[in-house]
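Please examine the sequence and the structure displayed here before reading the report.

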Amino acid sequence: MADRSERMAQAQPLTHAAAVLPPEPGLWARMRDSDLWHSFRGHPSAIFAAALLAVLTLTAILAPWITAQDPYDLAALQLINSEIPPIWNPAGQWPYLLGTDVQGRDILSAILYGSRISLVIGFASVILALAVGLSLGLIAGYFGGWVDNVIMRVGDVLLSMPFILIAILISAMAGAALPPGLRDVLAAPILIVAIAVPSWVQYARTVRASAMVERKKEYVQAARLIRVKSWRVMLHHILPNTLTPIMVAATLNFGLAILSEATLSFLGVGMPPDQPSLGTLIRIGNQYLFSGLWWIVVFPAVQLCLIVLSVNMIGDWLRDALNPKLQ
Amino acid sequence: MLAFLVKRTANAVFVMLAVAFLAFLIFRSFGDPVEMMVNEQATQAERAELRERLGLNDGFLTQYVRFVTNAVQGDFGISYRNQQDVMVLIGERFPATLELVLVATVISLVVGIPLGVITAIHRDSRLAGMLQLGSIVGVSLPSFVVGILLILAFSVTLGWLPAFGRGETVDIGWWSTGLLTPSGRAALVLPAISLATFQITLVMRLVRAEMLETLRTDYVKFARARGVPRGRVHWVHALRNCLMPVITLTGMQIGNLIAFALVTETVFQWPGMGLLFIQAVTFVDIPVMAAYLLLVSFIFVTLNTMVDVTYAWVDPRLRDDTAEVGGTNG
Amino acid sequence: MTHRTLLLATAAAGILSGPAVAQNVLDWGANRDIGSLDPYSYGDSFTINVLNHVYEGLVRYNRDLEIEPALATSWEILDDQITWRFTLREGVTFHNGNPFTAEDVQASLERVSHETSPLKGNLPAYVSSEVVDDLTIDITLNGTYPLLLNDLTNIHIFDKEWLVENGAELPTDIGAGVEGFATYNANGTGPFIVESRQPDAQTVFTVNPEWWDEPAHNLDGFVLRPVGSPATRVAALLSGEIDFTNDAPVQDLPRLEAAPNVEVLEGVDLRTVMIGFPFRETLVSGEPNPFATKEVREALYKAIDLELLHERVMRGKSRIAGATVAPPIPGYSEDLDTIPAYDPEGARALLDEAGVPEGLEFEFNCLSDGLVNEEQFCQAIASMWSRIGLSPQLDVAPRAVQTPKRTNGNTDIYTLGWATLPMLDSYSPLLQIFHSKEGNSGVFNWGGWSYPELDALVQEAGQELDVETRLDLQNQALRIVKDEYIMLPLHQQPMAWAVTDSVTEMPLFPDNKPRLWFARMNGDS
């Protein structure tokens, strides 16, 4: 189990090819020999998904340099260029490849900027939830007693409310409490917190369970006796053991977080219309579903589905590849 | 067993008190209720008087106890926006949401179980591959996109099914149902499918995983060896073994579906609790928000506790395990 | 437990009712719900409009929007010039069977002008009333006042006995911690009776067979269904789920016109869309407020490309406005209706002269459920202002959220649509918007401006019984509004209704109010 997890850890940069830190030198070589890499090569759908995600992420990151327009700059929007259809339509106009919306906002630019927001919020909320969940889980498992009790009870309470409900409440309340100026600036951080708050518990529980097992082991007891910082030792043992399930969960939660952000924005409690995420674009475009302006809603929806689909396909493959029962 | 029951119930009560505390915090910290309640001409003296009357000058704990006491009796005050008793408002909407959720659940079982079985027994076939891929697509499609597409296809283009609302309803006692009229049933189809999409894939994947495990057991192999027909082994013996987890999942997901229905209800303008809640959110109608939060959490916690207790009853080993069956987020 | 009894009551009613069997039931898909069943608890034209099917005033508008007798049959001004005597219609009953008398009129007038009533501005001149006999009532005003009848068209008459029985003599005060009975019950004299109401879902109205007037309609009832999403509303209309909408989205008109089963009814609304400014010392951000300077307001007007807004956002369906009232409104004159040329450079120059810094941030408050395409034109205007070096912070939210901010001066620039309802006279905006904020005047003067010269003209007009002289005074006041750029008129918004082929008659009114007592459907009845 342990060495499999280590291989997993090495493989991690692969799954988030573009989104995660570049791997250290030397990792590549080891990775190429790993089971996971072989499994990956044998799964065309995983390769396809990884490639797709890489393209989507890259174009999103490079958005400011490759788009025709900064869709967040109000002064750049020209009403005179509104409602231009996609380029293949006879009425289409360069450089608006996918057409423009009712404000003259270039759809392709808006989608790429929107994907940026969606990816950043999804990624940051998973990282935040991981950081909080891992720390609290370790603390709870290591100290036990009332600390453990408090942390786990808080987790119970959070899990007793539907995910989407907590996220809506946090997002809506923060949004309504802030003045409009601050609201725009803080919209993304608020969403990150709103999505992370209900999702750290899952990680915390996994780590805690593993920590409870380790805590009873002799080396920890011994470390305690000689007043070495035993938690450091523990960390080295616990994290590898829990990394497999946590990584699979994190990947799938990444997809879920992007969906949640889109849902909140669609419901009108997410990103504001002047810095649209994909969900906001769909919400706005939804009003024009019947007026022939299909491109305003269809392209953002397709982009959103592609992002989530590629993430989920990777997560799915990862889960199967790491589940010994299925091999 | 009794000790376990008491323990789980106490735990559930604690959780509900904590949720109530959250709801109460929302109530207290979110704007000044007095400012939202009085009309603009009210004088400072009138505001102060109202503040006193509402008990906003009492201590924090006193107010919390009062909030919980009232909540237990179903008294959440009056909606700022509709100026009606909150519980009456929610009570009127509850049947619409529950009907939608139940129909979606039935659809998810009727579609999800056979698909799960097929993908498990024909594990390496092209069909199973397609279905597996389909199931990933199913979890990746945001439900509001599914809803919009369904409306576009079946209401606008084909004109077969209504795009919004509940159709005609019939009142049976305080329950209003759309199941007894043709227009009510027609109106239910698209929202239920859109809500069920995610759940179908969940059921399908669970059944597949369970089936794959079961098919490896000796018991199935023996049955095959004894000459029981393949179809009967798969669809009766093996499937029966998978049903308990499916029922558990379904039970626990109902709470989630009720919450998630608010997205579907927004897309289809379905007059349920979720739509009420979303409108309360946009209009900052705190009493409605607090009541909805408590009610949905209550359903959630009750279902989870019931599942735990049932499990403990079936399998005594679980009784001293404090770990919960764990709610899935969806 | 009040709600338990209510549940039982609805339960009992439900068992008896079952599915409706009536033929000509019109499904009305509106863009939003009414706020309440109490016309006095919600000062909002649409709510009053819908409730006008249930409640009636002493007088009413006819098909040509001329005032005609309703619950009163005749009236005269007594010798003191400030008392009006109304003779009431005989044999009118409320929906609960109670007869209509002068007592009811008095109770209603007291209720609407109570100090907690959000509608008291709609009857500004009222002082007191005296019951002469069962069918005669004297109404005393605070001076000579030409527009009482216009006001009374929308002062709905309640049954006094019903109000007293149910403790609803005063307008619903949510602060009192009790539900207002009249909020979810209704008892008027009008052509339709409220059968049931589920807020935000549906309100069912059935025909009142005992109505005192000969009905021009052939409806058995109608159902008001709020359908907030414009796309859903269009889908519902195309599929025939609703028979009528009073808000067909402008962008979907071509599609609706092309549909064989739908007819679009178009016109220009009397509602003038305007932009208002803060006149306070500081902006919400605490920065000094430059908008109290006339040249700055002028600059912001020049920076708006009205033609482009008209053509793109309003799809050529609006009427570009230079005056703050629409042409059909008494007091309008063509020489006020001039629009400035679009001139962003000139606008920037004016801002520089006035010392307005580049990148000045201010809030721009718009409604998500307000005017036609409001969110879009606000975004477009914000974008145009960005181009002259300003930084508007767009704040779009529902009316219920924005109104408190606006009335409390908790925002900077805002939008306002004014149709002069129910008065249909330019005196209405002059008194309610442009007059300084004092007592019943300037209720919608959210910016806090004060022009004594204008106030004097408005007050004089308010007591002038001669129509010519009065309109001349009002015209002078409107000239000040125009020259001082107090508010910036943008356009009269388009009005688009749509009906399916099940509706054979649906007269379109320039005040954008559906009056279903004139509607006819093709079913036999």
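## Overall organisation of chain A

The model is predicted. In chain A, the secondary structure consists of 14 helices and 0 strands. Chain A has 327 residues, of which 53% count as buried.

## Packing of two helices in chain A

Helix H7 (residues 145-159) of chain A packs with helix H10 (residues 200-215) of chain A at an angle of about 140°, and their axes are 10 Å apart. Because angles over 145 degrees count as roughly antiparallel and those of 65 to 115 as roughly perpendicular, H7(A) is oblique to H10(A). The crossing of the two helices, H7(A) and H10(A), is left-handed.

On the side of H7(A), the contact is made by Ile151(A), Gly155(A), Leu158(A) and Leu159(A). H10(A) contributes Val201(A), Ala204(A) and Arg205(A). By class, this contact of H7(A) with H10(A) has 5 nonpolar, 1 polar and 1 charged residues.

## Interface between chains C and A

At this interface, 25 residues of chain C are in contact with 21 residues of chain A. Elements of chain C that give two or more residues to its side are helix H7 (230-238), helix H10 (306-313), strand S14 (360-367), helix H12 (374-386) and strand S15 (390-397). H12(C) gives the most to this side, with 6 residues.

The residues of chain C on the side that touches chain A comprise 10 nonpolar, 8 polar and 7 charged.

Terms used
Residues numbered from 1 in each chain as written. Chains lettered and ligands numbered in written order. Predicted model: local features only at pLDDT ≥ 70, side-chain atom pairs only at ≥ 80, totals over all residues. Contact = placed C-beta atoms within 7 Å. Helix = DSSP H or I, 4+ residues; strand = E, 2+ residues; numbered from the N terminus. Nonpolar A, V, L, I, M, F, W, Y, C, P; charged D, E, K, R; others polar. Buried ≥ 20, exposed ≤ 12 C-beta atoms within 10 Å, placed from the backbone. Axes fitted to C-alpha atoms, helices over the stretch in contact; angles between N-to-C directions. Parallel < 35°, antiparallel > 145°, perpendicular 65-115°, else oblique. Left-handed = near helix turned anticlockwise from the far one by under 90°.
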